[in-house]
Amino acid sequence: MSRKQHHFKGAEVSCCVKYVLFGFNIIFWLLGAAFLGIGLWAWAEKGVLSNISSITDLGGFDPVWLFIVVGGVMFVLGFAGCIGALRENTLLLKFFSVFLGLIFFLELTAGILAFVFKDWIKDQLNFFINNNVKAYRDDIDLQNLIDFAQEYWSCCGAHGPNDWNLNIYFNCTELNPSRERCGVPFSCCIKDPAEDVLNTQCGYDVRLEGELSQQKYINTKGCVGQFEKWLQDNLIVVAGIFVGIALLQIFGICLAQNLVSDIKAVKANCPWTCMSARHYVELQPHETLQQGEPGGGVPGVSPSSWPSVKLTDTWAAVSDWTFVALFSQNCRTRKVP
């Protein structure tokens with residue numbers, strides 16, 4: 001009994017594209033889960049999860065929102081791309097590419113608007129900083145963020161130290177009982193290289209002195225101007241980061257669309273079986289396969305029907321042979337009269 005093994009060479013899903021997209025997304029999925037976990041842990045430590053209404057109580061910006069939003073988006077995108085690629089699910093892959101394309105479009109729009117409306121963006125940044133100066137002592141994460149920004153850019157307040165009059169602990173009104181009255185946070189102070197221990201009281205009463213005297217102890221430049229200067233000095237680096245992020249997004253969209261096209265091509269070329277079936281067996285007329293033999297125990301195909309099963313009409317001209325597909329689970333045959 002002679003039996004020949006053949007391989008059907010038609011459209012197929014590229015394993016390279018599939019597993020590159022899978023690896024690309026599983027990294028983002030894990031990073032998203034990590035960011036989301038950090039954000040939820042931070043909220044749990046602050047008691048926000050036990051009192052959801054406290055989310056709106058903070059007058060300023062809660063940095064934890066960055067971890068929650070960015071982590072959530074990365075987690076959803078990573079899940080859709082990872083599972084979509086692994087299971088060759090076109091619905092998840094389309095969702096991934098459309099969602100990623102929408103984010104890319106929003107980033108591009110924001111960049112263009114920021115370039116066109118520079119003055120408006122500057123005013124909004126000024127408003128944002130002053131609004132958070134008011135809430136400096138209300139949230140420890142916000143306090144740490146402001147201290148980091150003032151130390152990194154060697155600045156104090158949005159436009160200068162007097163912006164701290166907006167905070168109830170640092171304003172210079174006579175009715176202010178705070179020890180920090182007419183002072184600034186320690187992050188405004190000029191660091192003394194000789195000091196090994198951080199002096200957190202270095203900004204006390206400093207604004208009671210004249211402007212020239214203040215310059216000896218604290219940074220008097222505003223953070224808006226310092227940020228703008230830093231942006232100009234590091235324009236190439238910042239632009240490179242944004243271009244890199246954009247290229248990664250475009251790369252992900254192209255991979256997903258390529259994989260969707262491959263899956264559709266396989267389905268179009270193989271209407272008689274599921275896309276994972278790739279082989280067939282050539283049999284003598286009326287020859288049957290037994291359970292355990294190649295092609296034996298094919299779901300939904302009884303031994304008596306095997307001789308009448310053909311792949312497609314393309315093979316109808318070969319009247320002396322009958323072709324039987326080696327099906328994977330849940331595949332079905334199509335009988336040809």
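Visitor: How many helices and strands are there in the protein chain?
Guide: This is a predicted model, in which local features need pLDDT of at least 70, side-chain atom pairs count only at pLDDT 80 or more, and totals for chains, interfaces and linings use all residues. Residues are numbered from 1 along each chain as its sequence is written, and side-chain values use heavy atoms, with hydrogens and water left out. Helices (H or I, at least four residues) and strands (E, at least two) are DSSP runs, numbered from the N terminus. Along the sequence the pattern reads β-α-α-α-α-α-α-α-α-β-β, and the count for the protein chain is eight helices and three strands.

Visitor: Which residues does the UniProt annotation "transmembrane region" cover?
Guide: The annotation comes from an unreviewed UniProt entry; its positions are given in the numbering used here, feature names are shortened, and annotations may be inferred rather than shown by experiment. In the model, residues 98–117 are 95% helix and 0% strand, with end C-alpha atoms 28 Å apart, while residues 235–256 are 100% helix and 0% strand, with end C-alpha atoms 32 Å apart.

Visitor: At what angle do helix α2 and helix α3 pack?
Guide: Helix α2 spans residues 64–87 and helix α3 residues 90–116, and their axes lie 8 Å apart. Axes are lines fitted to C-alpha atoms, for helices over the stretch in contact, and angles run from 0 to 180 degrees between N-to-C directions. The angle between α2 and α3 is about 145°.

Visitor: Which residues of α3 make the contact with α2?
Guide: Contact means heavy atoms within 4.5 Å. On the α2 side the contact is made by V73, V76, L77, A80, G81, I83, G84 and A85. The α3 side consists of L92, L93, F95, F96, F99, L100 and I103.

Visitor: Why is the pair of F24 and F28 tilted?
Guide: A search of the whole structure finds 15 aromatic pairs, where rings of Phe, Tyr and Trp (its six-membered ring) pair if their centres lie within 6.5 Å, and planes under 30 degrees apart count as stacked, over 60 as edge-to-face and the rest as tilted. F24 and F28 both lie in helix α1 (residues 15–45), four residues apart. Their ring centres are 5.2 Å apart and their planes are at 50°, so the pair is tilted.

Visitor: Is F24 buried or exposed?
Guide: Buried means under 20% relative accessible area, exposed over 50%, and partly exposed in between (1.4 Å probe, protein chains only). F28, at 29% relative accessibility, counts as partly exposed. F24 has 14% relative accessibility and therefore counts as buried.
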